[in-house]
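Please find below a short note on the structure shown here. It is set out in numbered points for a reader new to such descriptions.

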4 protein chains.
Amino acid sequence: MKIWMIGARGTIATATAVGTVAAQKNLLPLEGVITERAPLDETEGLPPVSEISFGGCDLRPGTLAEAALSCTSTVSIFSRAVLDSVTPVLEEMPITQGILRRAGAAVEALTGPERLELFQESASDAVQRIQQDLEEFAGDEAAVVINVASTEPLCDPALFSWSIEEFEQAVEADDPRLPPSALYAYAALRAGHPFVNFTPSIGTGLPALVEYAKQRGIPLAGRDGKTGETLVKTALAPMFAARALTVEGWYGTNILGNTDGQVLSYSENAASKVASKQGVLEQCLGYSPAGQVRIDYFPPLVDHKVAWDFILFRGWGGHKMRMQFTWEGTDAVLAAPLLIDLARLVTVAHQRGESGAIGALGVFFKTPEGSNEMNLQRQFDQLVAWCQRVPADAGHPS
Amino acid sequence: MKIWMIGARGTIATATAVGTVAAQKNLLPLEGVITERAPLDETEGLPPVSEISFGGCDLRPGTLAEAALSCTSTVSIFSRAVLDSVTPVLEEMPITQGILRRAGAAVEALTGPERLELFQESASDAVQRIQQDLEEFAGDEAAVVINVASTEPLCDPALFSWSIEEFEQAVEADDPRLPPSALYAYAALRAGHPFVNFTPSIGTGLPALVEYAKQRGIPLAGRDGKTGETLVKTALAPMFAARALTVEGWYGTNILGNTDGQVLSYSENAASKVASKQGVLEQCLGYSPAGQVRIDYFPPLVDHKVAWDFILFRGWGGHKMRMQFTWEGTDAVLAAPLLIDLARLVTVAHQRGESGAIGALGVFFKTPEGSNEMNLQRQFDQLVAWCQRVPADAGHPS
Amino acid sequence: MKIWMIGARGTIATATAVGTVAAQKNLLPLEGVITERAPLDETEGLPPVSEISFGGCDLRPGTLAEAALSCTSTVSIFSRAVLDSVTPVLEEMPITQGILRRAGAAVEALTGPERLELFQESASDAVQRIQQDLEEFAGDEAAVVINVASTEPLCDPALFSWSIEEFEQAVEADDPRLPPSALYAYAALRAGHPFVNFTPSIGTGLPALVEYAKQRGIPLAGRDGKTGETLVKTALAPMFAARALTVEGWYGTNILGNTDGQVLSYSENAASKVASKQGVLEQCLGYSPAGQVRIDYFPPLVDHKVAWDFILFRGWGGHKMRMQFTWEGTDAVLAAPLLIDLARLVTVAHQRGESGAIGALGVFFKTPEGSNEMNLQRQFDQLVAWCQRVPADAGHPS
Amino acid sequence: MKIWMIGARGTIATATAVGTVAAQKNLLPLEGVITERAPLDETEGLPPVSEISFGGCDLRPGTLAEAALSCTSTVSIFSRAVLDSVTPVLEEMPITQGILRRAGAAVEALTGPERLELFQESASDAVQRIQQDLEEFAGDEAAVVINVASTEPLCDPALFSWSIEEFEQAVEADDPRLPPSALYAYAALRAGHPFVNFTPSIGTGLPALVEYAKQRGIPLAGRDGKTGETLVKTALAPMFAARALTVEGWYGTNILGNTDGQVLSYSENAASKVASKQGVLEQCLGYSPAGQVRIDYFPPLVDHKVAWDFILFRGWGGHKMRMQFTWEGTDAVLAAPLLIDLARLVTVAHQRGESGAIGALGVFFKTPEGSNEMNLQRQFDQLVAWCQRVPADAGHPS
């Protein structure tokens, strides 16, 4: 199986490639991959990890090996020895040029001098270019496209009412409201590949693209990987519900040291993310407690992220009590194994003939497309049931 | 429905009685009771909260109204106005004398000068006395016996191999290894009442008593109410399992300011509790991480308890990350609504003809008797399914 | 000694009055007052606590007794019994009308229908009115004016270059840039009373008013009471300096549930406070670490405030380490005793003939006027030295 | 200057040597050394860091280079590249055999098969052997002996009443109550070298040895390096005193992953450490709050240590508030720069002719010998004053 990553030089993509190749060479264990553990490892049709290879696009030029080197000097997830061993493999992975058109000021700030030309690329040129890159990359093999690029500004609401025909007309007309994530997704679907949207950017969250995916029989998974504070929220909030304890307020603050934090310090980009983070409480609890979700850029953390949440809840006789937690994680480390799981499972869905948003994959996302379930344990149990479903069931997800 | 509480002058029992009566008089909302919320409020046969009344026994003399006054001066869960309104009702609730025999040094230290006589009471005299008290209390009505007394020392392992006949012979022979909790449970079963063990003391955890309960067609629920740190553990630990993140260590410390903390500062009594707290991780995760559970007495907290847990876990590439939480709860406030839920649900089980340990009630306990499930969400989902089961299913718990 | 509080119906003023009267009646201990403890209790000339009485102004009408009742129903710092006992005394304390002119949108939202008339009051009318109120209040006795009103928006920078003559011309001309806090301060000085600015509003932080205070021989103390997160910062940051550990980042978030939090949710008002909070680290450490100070409104906390700070520091070999703390305090409880200390000490300064900003009182403030010292312990040691200075030194503050 | 470390293969000693040599070779900055920063860097007579070299003894054989390699594989304070560069220097540093006699079961468990012979060594043989090792090591140069070995069990109280003559008789008589730390200290003094006791073991805490040090004109510094939880305590506790806030309880728990934690899991060894940690609050506050200090072994932390402290305090009107902090440090990283500071400063004291316990060095220790000051900031200010004292003052420490 081939994985094509949008944002291939970013920390998540790099950590995914380095860790997978290191595991393939038996240099490191393959940790955090649930499709390698019981009972999900028995899912029929899982592509073997040993045969995964990577490619992708980015707005910055260079090889994955160079990206790995630059990440490692700051983040040090991998030892120098591991890095040296995987470098020859990384150097051969193809990285093409991403779409800069309408990516927002924050992303534009990350790119180099080729900016001007890219700004002038039309929507249809961008789609064609990416589709071609994907065809060259995949050849006859199964491939999955995964978006791990920086978060875009919130999408214009008008796009949600478009049909696929209107979408295609907008592409032809180079409509300025079309965000890059939707163009990538469209190109992937045209090339016939499942699309996984690991970011809060809209991508295949547009009804037009879901419609198109169903027409073409291609499965989708999204949106916004659930790797930190929100993961904990969807495990903890159901506890209050299961005890009929009323959560009066839930306040959370997130500090991030990496590019992601820097991009999110632009309030237009943070809007997508905060919206994604806030919805989960209401759906886990059945009501919306007071409180906010803050995301702040804190450079000394480098690639780590720290979240502190304070929860005020009420019980017997109206008495108030409190809970707080601090989560200290590393974004790329938490995300990388989910990319492997998602690529494998969306491929299984493709084999089974499922198409459109696969709700059973909601456990991986903050905004699970195709499902209303936010409770982590129930999401997991649904995934297990989906994986164990016999081929006869194929095509009829719950 | 009548509820008879062992340890009726303790903080949990007092808070339960005051809060229930206050709710019956519309002085306070009835919070934290899951059988009052959807979907459990539709369970067939639930006794109405408006008809609950209380009684019980304690080693210290006095009325519930006096207990309420003394608790409130230190804990202040309820306002003085609420207390004044419920006093007349509390004063009429009957409290008889508990069993002191073999309760351990910590509990003995709490009792008054009547100690000597109580020490000499034989096991069979104690059982008969309690059975008689229960018969007087319940009359023809449905009643439930709930143990909320201080924790006993660990039970002698020999008792676990006894049959009910051997147990009864031991009672007759006044065997010194018989703990009070087992005598209370036996008396309750002889009087024909369901028994709920909210403490880590052994009670109906003895196979002989389960056997006896089945013979007599009486349901049981236990053991050790899950109200704080362990509640959080069983919500959080499954999150690590659902992400294939390996928990290398989980360290927890609990500081308690009330009698419970004082009793647990006797290491023989703490042993029951710590054993109860430690097992859950292994069952939620599938392996046992490094770490300890500490319980320390910290008087300035009065009835509050604070738990701090530190979790070290490993992900992609063997990278280590951390999480910590602080839980600041009030023991009696967290326990009281569970007592109401348990009394109602065990009464439903009795009506349905279920007997022995009701595994579907495991969500309420640290050591769920009759079930191997420790995962909070799965326990809750099992309870919901049990509550929704139609009468035709009665008598066939999973 | 008489204390006249601006914002007399606010929670801080109310808690100060209730607690002081309760202590005068021996209903409660007088806790948290350092001038009652060794060695500060031996300061020559301290006005006795038993003779303190209160008055003040507010934008909302009503007596202190009514304010106490309304605070207590939400915050419950004092028991109902204490409140009932002090009510007759509180009812006699005079509260006059505050200055609404140019207080900012947040404060305006708190006032009642009398708003329109107050808007039209000229600066010089406001000053004369307050001066008259003060003269009536104080009579021949020593009095201190303390600002505990809600935070104003940041002051126009132009005012910092004004001389007292220019200030007085602006008052006559009803200059719209004159903030209420400066008018109160000017009125207090004209009436001959020391002025304590417990808020981040500018007040006597204007050079013109310091000049005027010196001309008139009146001492001043300010600015912005150090009661929570910043108090901890000025105790902790010096620890890193004393170990040559480099603080790379210090991130802090504050959640507040009271009017203060609500007012600070207006970004123009928060600007004063955040500026006040941020400066301390640089002065304690000698450099400015990365990071931000957040203040968010979180209504379920009512009058409590919670701060969480995360500190990333570097040591031997460039190795990084972390510290975090959570402070859970009650604003009014922390502030009230400082008001008593400040009123007593500024009166001592007046007796000694000191005038202008008294730097030795810097320990009480986030932005200590008249001093560059931010280190809490050094500030405290300077205060002790100042208190112990013999009368011969009077008039020559360091 | 030469530094001879007892426990030279331990993590603290190793980190000190590696980091110092790396700084001498300009591979790493010299962080955390306060004698390198203003104003302490101007202390007259400081030996230059560039000329420091190391030696020492340990119960386990091998070179410092081997110790560095084994530490680094688990702790990873230093990169492999740094380690490779300093290895040749480390390999030449002499490490001799330590004293096993009466070191307690925990330390004995760390040693190898040579145990039997060492057990039989008499006290006087041990002293002579160490003295000889020291003479060979130091030659004509100034040297400092620093104890960084594992913590011993608490010392027999009888030894505190001994004179130096009685001590010397006990050495001759091979008195079994003589702990290794006292023998090391005695040997150091006989060889004429200042002794720094960075551990809670008694060492020069015995009056007999202080007397001997004064006779011989040799300065001492001790006891028990203040590097973590206690460092924070002595910065924070004075804050409560400076605000007259009564600390009702202070609970602290420490989890450690290294040999230190393992040794302290033996309760006899932990007793020394806990005693050392508990005293500071009483001296900072003037009274002793409720609460305990826990130390637990938590292997997954490897060389890191985490402390969580929970503080319950009372203010105005008796109202209770809370604070908590989590400190996540690395023991060796925090200790190493203090060793460099102490070695330099005790050498300055020696030059100045000071002898016995140097109280001005109390800022470095949990149990500051020669001083009653526990308040971190006051200790630091005293050190600065001591460093700035002109040579004329020499020999008259306050």
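This is a predicted model: local features need pLDDT of at least 70, side-chain atom pairs count only at pLDDT 80 or more; totals for chains, interfaces and linings use all residues.

1. Residues are numbered from 1 along each chain as its sequence is written, chains are lettered from A and ligands numbered from 1 in the order in which they are written, and side-chain values use heavy atoms, with hydrogens and water left out.

2. Chain A contains 14 helices and 11 strands. Helices (H or I, at least four residues) and strands (E, at least two) are DSSP runs, numbered from the N terminus.

3. Of the 398 residues in chain A, 65% are buried. Buried means under 20% relative accessible area, exposed over 50%, and partly exposed in between (1.4 Å probe, protein chains only).

4. Among contacts in chain A with a separation of 6 or more, 78% link residues 24 or more positions apart. A contact means heavy atoms within 4.5 Å.

5. In chain B, strand β9 (residues 304–314) has nine of its 11 residues buried. Strand β7(B) (residues 246–256) pairs with β9(B) in the antiparallel sense over 10 bridges; strands pair if DSSP finds at least two bridges between them. Within this pairing, Tyr251(B) has Phe310(B) as its bridge partner.

6. Strand β10(B) (residues 320–330) also runs antiparallel to β9(B), joined by 11 bridges. Here Val306(B) stands opposite Glu328(B). Five residues lie between the two strands of this hairpin, where Gly317(B) takes a positive phi near 70°.
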